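Biologist: I am new to this model and would like to go through it term by term. Please give the value behind each label.

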Amino acid sequence: MDKELLALLVCPMCQAKLTYDAANAELKCFYDGLAYPVRDGIPVMLEEEARQMNADEKLKGSRG
């Protein structure tokens, strides 16, 4: 994912910074615990398309 684009994107729910998970093609918001899919290089920033992260994922993200 383009670093400039990533720097501009924020969570549509809480406006928090997103982290790109290249292995799973997702943009993750650790504040809300949501993972937004990236399909064909395009972020899908819709709440209804987001996946709820499990507790382990949230903890890994909170540690940096």
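**Labels and the values behind them**

Biologist: Why does Asp21 count as buried?

Modeller: Asp21 has a relative accessibility of 16%. Buried means under 20%, so Asp21 counts as buried. Keep in mind that this is a predicted model.

Biologist: Where is Asp21 placed, and what does the side chain of Asp21 reach at 3.2 Å?

Modeller: Asp21 belongs to strand S1, which covers residues 19-21. The side chain of Asp21 comes to 3.2 Å from the backbone nitrogen of Ala23. Apart from neighbours within four places in sequence, Asp21 is in contact with Glu26 and Lys28.

Biologist: What makes the link between the side chains of Lys28 and Asp21 a polar contact?

Modeller: The distance is 3.0 Å. The limit for a pair of N or O atoms is 3.5 Å, so the pair of Lys28 and Asp21 qualifies. The side chain of Lys28 also has a polar contact with the side chain of Glu57, at 3.2 Å.

Biologist: Lys28 is in strand S2. Is Lys28 buried or exposed?

Modeller: Lys28 is buried: the relative accessibility is 8%, and the cut-off is under 20%. S2 runs over residues 26-29. Beyond four places in sequence, the contacts of Lys28 include Leu18, Leu34, Arg51 and Met53.

**Cysteines**

Biologist: How many disulfides does a search of the whole structure find?

Modeller: The search finds 0. For Cys11, the nearest cysteine sulfur is that of Cys29, 3.8 Å away. A disulfide needs two sulfur atoms within 2.5 Å, so Cys11 is in no disulfide. Cys14 is in none either, with the sulfur of Cys29 as the nearest at 3.6 Å.

Biologist: How do you know whether Cys14 is buried, exposed or partly exposed?

Modeller: The relative accessibility of Cys14 is 25%. Cys11 has a relative accessible area of 0% and is buried.

**The nonpolar core**

Biologist: Which residues make up the largest nonpolar core?

Modeller: There are 10 residues in all: Leu9, Cys11, Ala16, Leu18, Leu27, Cys29, Leu34, Tyr36, Val38 and Ala50. At least two residues of this core come from each of S2 and strand S3 (34-39). S3 supplies the largest share, 3 residues.

Biologist: What makes S3 mostly covered?

Modeller: Of the 6 residues of S3, 5 are buried.

Biologist: Ala50 lies in the loop between strand S4 (42-43) and strand S5 (51-52). Why is Ala50 called buried?

Modeller: The relative accessible area of Ala50 is 18%. The cut-off is under 20%, so Ala50 is buried. Leaving out residues up to four places away in sequence, Ala50 touches Leu34, Ala35, Tyr36 and Pro37. Ala50 and Ala35 are 15 residues apart in sequence, and the C-alpha to C-alpha distance is 5.3 Å.

**Strand pairing**

Biologist: How do you know that S2 and S3 pair?

Modeller: S2 and S3 have 4 bridges, in the antiparallel sense. Pairing asks for at least two bridges, so S2 and S3 pair. Cys29 has Leu34 as bridge partner in S3. The hairpin of S2 and S3 has 4 residues between the strands, and Gly33 there takes a positive phi near 75°.

Biologist: In which sense does S3 pair with S5 and with S4?

Modeller: S3 pairs with S5 in the antiparallel sense over 2 bridges, and Ala35 stands opposite Arg51 in S5. S3 and S4 also pair in the antiparallel sense over 2 bridges, with Arg39 opposite Ile42 in S4. S3 and S4 form a hairpin with 2 residues between them, and Asp40 in the turn has a positive phi of about 55°.

**Loop residues**

Biologist: Where does Gln15 lie, and why does Gln15 count as exposed?

Modeller: Gln15 is in the loop between helix H1 (3-8) and S1. The relative accessibility of Gln15 is 52%. Exposed means over 50%, so Gln15 counts as exposed. Gln15 is not a glycine, yet has a positive phi of about 70°.

Biologist: What makes Ala25 partly exposed?

Modeller: Ala25 is at 26% relative accessibility, between under 20% for buried and over 50% for exposed. Ala25 lies in the loop between S1 and S2. Ala25 is not a glycine and has a positive phi of about 50°.

Conventions. Residues are numbered from 1 along each chain as its sequence is written. This is a predicted model: local features need pLDDT of at least 70, side-chain atom pairs count only at pLDDT 80 or more; totals for chains, interfaces and linings use all residues. Side-chain values use heavy atoms; hydrogens and water are left out. Buried means under 20% relative accessible area, exposed over 50%, partly exposed in between (1.4 Å probe, protein chains only). A polar contact is a pair of N or O atoms within 3.5 Å; within protein, one must be able to donate a hydrogen and the other to accept it, and residues adjacent in sequence count only if both atoms are side-chain atoms. Contact means heavy atoms within 4.5 Å. A nonpolar core is a set of buried Ala, Val, Leu, Ile, Met, Phe, Trp, Tyr and Cys residues joined through side-chain atoms within 4.5 Å.
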